[in-house]
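Biologist: I would like to learn how to read side-chain features in a model. Please take them one at a time.
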Amino acid sequence: MEKPVNVSKQHYYYLDILNIVATFAVVWLHTSGYAFNFSPSDPKWYLSVFIQVLFIWAVPIFFMISGANLLNYRERYDTKTFLKKRAWRVLLPFIIWSVIWYAWNHFIMGNPDWSFKGLINGIEQDQIQPIFWFFYYIIPVYIAMPFLSLLATKANKKVVEYIIWLYIIGTGIINYGYSLIHRPFSQLVSNIPLALSMGIGIFFVGWYLHNFKTSDKQRRIIYGLSCLSVLFMFLLTVFLSISHGETAREVYNIFSIGGFILPLGIWLFFQHHFPMTWQPNPRIGLWLKRLSGASLGVYVVHEFIIQIMTHVLHISPESLFHLLGLPLIVWIICLIIILIFKKIPVLNKIIP
């Protein structure tokens with residue numbers, strides 16, 4: 001990965017496409033929760049585990065897109081503007097939707113906890129909506145971005161490579177190995193600043209791949225390793241699950257070596273087929289921007305739709321429809337809702 005790319009202020013549609021497909025992959029992950037109901041005698045359990053493994057790249061792709069878009073924010077605006085944009089785009093919606101989910105959990109799902117103290121504790125401890133862990137991970141990174149952005153320059157290419165390699169070895173291999181044998185992470189490794197303690201390496205990977213070209217040979221090698229990663233994570237998940245008597249979900253987590261390699265393959269595939277110079281016709285380009293802009297909103301609301309459809313229509317989690325058909329329906333409904341909300345005053349302010 002040697003040749004620098006001239007990254008101008010043009011719009012990169014491959015990032016929009018990655019955003020869109022990653023959002024759909026997240027929905028598919030959350031409609032295949034049957035994987036966590038260990039049922040080795042049911043073929044649909046193996047299917048749901050395979051879906052979980054196959055789409056584990058979704059959230060890392062979001063982090064990589066953030067790295068590609070934001071680590072060079074100084075080229076577009078000052079730090080005050082950056083922090084203000086992130087606060088309106090992510091922090092405010094996170095707080096508002098945490099409140100909405102807290103009310104939903106009480107009034108709809110029957111959670112007895114209902115107090116201001118319970119709300120504050122829930123937000124503080126990430127106990128309101130499990131999928132919101134994403135915000136607890138990315139908001140601190142945004143806060144740190146003003147100094148992280150100083151590292152992400154082409155002149156610091158070797159420093160960035162060093163950070164990425166620390167991430168691969170420390171998080172993807174060493175700490176991943178600890179998780180497989182159910183031992184606490186190595187504190188020596190986990191507390192290395194920047195590279196490991198927050199897993200910041202994945203953001204730098206997105207910036208790096210956006211700014212430096214890979215050769216055709218490197219790309220094909222990563223494609224092959226990505227396919228092997230899927231096979232490795234699936235087979236090891238099945239083996240350890242049967243050995244332990246419960247789904248070994250630690251095998252295919254995003255902070256594993258397979259969870260690192262697979263997103264690289266996905267990223268390079270779309271970057272290669274929709275290169276930086278690719279310009280769709282204006283109508284398609286407009287819709288790509290709209291759908292990409294709705295991605296975080298879809299992330300926030302899709303669990304509502306899954307819960308509603310599952311309970312109202314009495315859809316069994318292990319049914320083939322729930323595993324294969326429901327993701328597309330939920331994704332489309334969420335897109336329609338978010339695109340409508342974005343056109344309504346006041347409501348458009350709470351859509352991330």
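Biologist: Is Trp28 buried or exposed?

Modeller: This is a predicted model, in which local features need pLDDT of at least 70, side-chain atom pairs count only at pLDDT 80 or more, and totals for chains, interfaces and linings use all residues. Residues are numbered from 1 along each chain as its sequence is written, and side-chain values use heavy atoms, with hydrogens and water left out. Buried means under 20% relative accessible area, exposed over 50%, and partly exposed in between (1.4 Å probe, protein chains only). Trp28 counts as buried because its relative accessibility is 18%.

Biologist: Which ring forms a stacked aromatic pair with Trp28?

Modeller: Rings of Phe, Tyr and Trp (its six-membered ring) pair if their centres lie within 6.5 Å; planes under 30 degrees apart count as stacked, over 60 as edge-to-face and the rest as tilted. By this rule the count comes to 38 aromatic pairs. In one of them Trp28 is stacked with Phe55, at 4.8 Å centre to centre and 20° between the planes.

Biologist: Where do Trp28 and Phe55 lie?

Modeller: Helices are DSSP runs (H or I, at least four residues), as are strands (E, at least two), numbered from the N terminus. Trp28 is in helix H1 (residues 13–30), and Phe55 is in the loop between helix H2 (43–54) and helix H3 (58–70), so the pair ties together parts that are 27 residues apart in sequence. Phe55 is buried, with a relative accessible area of 13%.

Biologist: How many salt bridges does the structure hold?

Modeller: Side chains of opposite charge can pair when their charged atoms come close. A salt bridge is a side-chain nitrogen of Lys or Arg within 4 Å of a carboxyl oxygen of Asp or Glu. The structure holds four. One of them joins Arg219 and Asp216, 2.9 Å from N to O. Both residues lie in helix H10 (residues 216–244), three residues apart, about one turn of the helix. Arg219 counts as buried at 7% relative accessibility, whereas Asp216 counts as partly exposed at 41%.

Biologist: Which residues do salt bridges that share partners join into one network?

Modeller: They are Lys157, Lys158 and Glu161. The closest N and O atoms are 2.9 Å apart between Glu161 and Lys157, and 3.7 Å apart between Lys158 and Glu161. Lys158 counts as exposed, at 60% relative accessibility, while Glu161 is buried, at 18%.
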